[in-house]
Amino acid sequence: MAERFLEKLNDLVWGPWLIVLFIGTGIFLTVRLRFLPWRNLGFALRQVIGDIFHPSGSGNGEISPFESLMTAMAAMMGTGNIVGVATAMVLGGPGALVWMVLSALIGMASGLTESVLTMHYRCKKPDNTVCGGPMYVLALGFRPKALGRVLAVLFCVFTLGASLGMGNMTQANSVSEALNDTFGIPAVLTGMLLLALSLLVLMGGISSIGKVCGILVPVMSIAYFAATAAVIIINFENIADGLTEMLQMAFSLRPLAGGLGGTIVAGMGNAMRFGISRGVFSNEAGLGSAPIAAACARTDDPVRQSYMAMSSIFFDTIVVCLATGLAIASSGLLGAVDASGAPLSGAALTSLVFEAALGPAGRILITAGIAMFAFATIIGWEYYGEVALEYLLCRGKIKSGPGRADRSLTGKTALKKAAPGRALLCYRLLYCACAFTGAVVSLQTVWNFSDIMNAAMAIPNLICILTMSGQARAILLKDQK
């Protein structure tokens, strides 16, 4: 009964109205920001690449700007980059990939706005470290103040739910299934391994998370991109036909057949629905999660850090997800069916695509990719939940008045008292225990609950960035790159 209720509620909250809200917000902000996210994309990418070879990081903060970006990308780059793309292309046709890319281009404005507001309102803690996120923007900058504080609390509650569900248990479940299918590893063993690795990383706090993500995310991203490039090159003669089919089905007002034997029939409506929804699920633009990682960056240039945070949307969807989609489109296997005649989707389809091109090593690569991407998501989302919990415990201890919009974070905004260490320790232990639980039990109910929490945390954030977009615009135009 509960599972059926959550399923219906999930369908309702992730209905067309929320997709329109995400895309409408992105379009509005893109225009209001005078297309700065597109005009300065080159600047953002240069900052990221420059930070790899010449790390920056002067000013207040706990981890370097690059480690902050990698933490945000770790939380983004879960199974959606591998499984979600294949699912979107089956349910929405090949044209869904086009709408995933378009949603990312539009969503960059939402990502830039939420990041620059977070950097403007981030808080000092008593130990001189910093924290921030949409909850602090809502509490300190939103008007009316009472409504802002209510929305901040709701955002934190929903973030905690999403961190334990979508950011943790569902990712652990995907790792368990992938390792069991490919290598026959028992779920209990996978759960114990995830619990141990999570404990090892998370007990060191954001510094440990940032260091691990700073190594893990670039390595796994480059390795996965190289594998997808190999698949595309092997199937290069099919690329032109695949691109033509994607564009036709993305913008056709009537359903067209695609895939093997025309087993997938979809038009513009389905392509938009599943492409945009899976794109938002993957890159989290407008969700309000990525700015939490940006806020802890050690920087004296909040606008530069905001552009770097925005680039995570580009890397996640326009690089990694697009590479996965092109590999699937060029394989000729989209629409392949299993023994029962049902179309292959998700990890099964992606594994088949890579195995057809690279042999047994292809399936192993996909399994390893799912495991690494999902583990990165687990440790990244723990920090989001921790910051949300800390706000709930300390929301009455924030000094009045927003911090000055200077580059040294010397304004009045600060926490009078830090969250109790015991509470954060208990949360970390609970989080690791949930990783074990997610690996060993069936999670359809948790999947539905997690989707609902993701949608719920997005709503306060979207209200915030729409209402305060004028302030974000002023900050960006004043310090235009």
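Begin with the crossing of helices α10 and α17: in this predicted model, α10 passes α17 in a right-handed crossing. To display the pair, select residues 187-202 for α10 and residues 360-394 for α17. Their axes come within 11 Å and cross at roughly 45 degrees.

On α10, select L194, L197, S198, V201 and L202; on α17, select F375, I378, I379 and E382. Colouring by residue class gives 7 nonpolar, 1 polar and 1 charged residues in the contact of α10 with α17.

Select residues 205-234, which form α11, and residues 302-331, which form α15. The axes of α11 and α15 come within 9 Å, with a crossing angle of roughly 25 degrees. Angles under 35 degrees count as roughly parallel, and α11 and α15 are therefore placed in that class. The crossing of α11 and α15 is left-handed.

By class, the contact of α11 with α15 has 9 nonpolar and 3 polar residues, and no charged residues.

Remain on α11 and inspect the helix along its length. Centre the view on C213, where α11 has a kink of about 30 degrees. Then set a distance between the C-alpha atoms at the two ends of α11: they are 43 Å apart. At 1.5 Å a residue, the 30 residues of α11 should span 44 Å, so the two values agree.

For the first stop, select P144, in the loop between α8 (134-141) and α9 (145-183). Is the peptide bond from R143 to P144 cis or trans? The bond is cis, with omega near 5 degrees.

For the last stop, select F35, in the loop between α2 (16-32) and α3 (36-39). What is the phi value of F35? Phi of F35 is near 60 degrees, a positive value in a residue other than glycine.

Key: Residues numbered from 1 in each chain as written. Predicted model: local features only at pLDDT ≥ 70, side-chain atom pairs only at ≥ 80, totals over all residues. Heavy atoms only, no water. Axes fitted to C-alpha atoms, helices over the stretch in contact; angles between N-to-C directions. Helix = DSSP H or I, 4+ residues; strand = E, 2+ residues; numbered from the N terminus. Left-handed = near helix turned anticlockwise from the far one by under 90°. Contact = heavy atoms within 4.5 Å. Nonpolar A, V, L, I, M, F, W, Y, C, P; charged D, E, K, R; others polar. Parallel < 35°, antiparallel > 145°, perpendicular 65-115°, else oblique. Expected span 1.5 Å × (residues − 1). Bend = angle between axes of the 7 residues up to and from the residue.
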